[in-house]
Amino acid sequence: MLLAFDHGTRKIGVASGNGVIGTASPLAPLPCRDGQPDWRRIAALLDEWRPDALVVGLPLNMDGSESPSSARARKFARRLHGRFGLPVAMVDERLSTREARERTGQRGPDPKVDSMAAVVIAEGYLNGAEPIAP
C-alpha cells in the first residue's frame, strides 16, 4: 500500500495505490496555505491509510530539466520522509495533469484533476517507472 502525492502550491492531489493489483484510487486533495501543506492533515491521512511507502511526482520540464516546481516537490518529499520516516520515492510526472484532465473530462482547475494526477503518478510507480531520489 502506498500513497501518492501531486504537490502544488494551492492543493496537493492524493491517491492510494495497491501494489498487489497495480491500481490506484483518488482521495480528497489537501489544501495548502501560502504554499505550505497542512502537516496535521497529512499525518491524519498517513494514520488512516498506514502506507508502506510514499510517492511524490517530480514536475520536470519537457526537456527533462528541473524547474522551481521541481525544487518545491523535492523539498516536500524530503519533509515527508523527515517527519514520518517512511520511504519516499519520486517519479517523473510529465504530462500527468494532461492525462488526469483526459480521464476526468475537466478542462479548468478542479480538485478531481489534482487527485487524478496523483493516481497517474501512483500507477506509473506501480507499473515500474524509474524512481528518482528526493
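Which residues of α1 are buried?

A: The model is a predicted one, in which local features need pLDDT of at least 70 and side-chain atom pairs count only at pLDDT 80 or more, while totals for chains, interfaces and linings use all residues. Residues are numbered from 1 along each chain as its sequence is written, and side-chain values use heavy atoms, with hydrogens and water left out.

The buried residues of α1 are Trp39, Ile42, Leu45 and Leu46. Here, buried means under 20% relative accessible area, exposed means over 50%, and partly exposed lies in between (1.4 Å probe, protein chains only). Helices are DSSP runs of H or I with at least four residues, strands are runs of E with at least two, and both are numbered from the N terminus.

The arc is that of the directions from the helix axis to the C-beta atoms. The face of α1 turned away from this buried side carries the exposed residues Arg40 and Glu48. On the buried side, the residues of α1 pack against β1, β2, β3, β4, β5 and α2. Contact, in this account, means heavy atoms within 4.5 Å.

Two packed helices are described by the angle between their axes and the distance between the axes. For α1 and α2, the packing angle is about 65 degrees and the axes are 12 Å apart. Axes are lines fitted to C-alpha atoms, for helices over the stretch in contact, and angles run from 0 to 180 degrees between N-to-C directions. The crossing in which α1 passes α2 is right-handed. A crossing is left-handed if the near helix is turned anticlockwise from the far one by less than a right angle, and right-handed if clockwise.

On the α1 side, the contact is made by Trp39, Ile42, Ala43 and Leu46, and on the α2 side by Phe76, Arg79, Leu80, Arg83 and Phe84. Sorted by class, this contact has 7 nonpolar, no polar and 2 charged residues. For such counts, Ala, Val, Leu, Ile, Met, Phe, Trp, Tyr, Cys and Pro are nonpolar, Asp, Glu, Lys and Arg are charged, and the others, Gly among them, are polar.

Helix α2 covers residues 68–84 and has 17 residues; from its first C-alpha to its last it reaches 24 Å, close to the 24 Å expected at 1.5 Å a residue. The expected span of a helix is 1.5 Å times one less than its number of residues. In α2 the buried residues are Ser70, Ala73, Arg74, Phe76, Ala77 and Leu80. Seen down the axis of α2, they fall within an arc of 160 degrees, so they line one face of the helix. The face turned away from that buried side carries the exposed residues Pro68 and Gly82. The cover over the buried residues of α2 includes α1 (39–49) as well as the strands β1 (2–6), β2 (11–18), β4 (36–37), β5 (53–58) and β6 (88–92). Just after α2, Gly85 takes a positive phi of about 70 degrees.

A second pair of helices may be set beside the first. Helix α3 (residues 96–104) and α4 pack at an angle of about 115 degrees, with 8 Å between their axes, and their crossing is right-handed. Among the residues that make this contact are Ala100 and Arg103 of α3 and Met116, Val120 and Glu123 of α4. By class, the contact has 7 nonpolar, 3 polar and 5 charged residues.

Within α4 (residues 111–126) lies Glu123, which counts as buried at 19% relative accessibility. Leaving aside its neighbours within four places in sequence, Glu123 is in contact with Ala24 and Arg103. The cover over the buried residues of α4 includes β1, β2, β3, β5, β6 and α3. After α4 comes Gly128, whose phi is positive, near 95 degrees.
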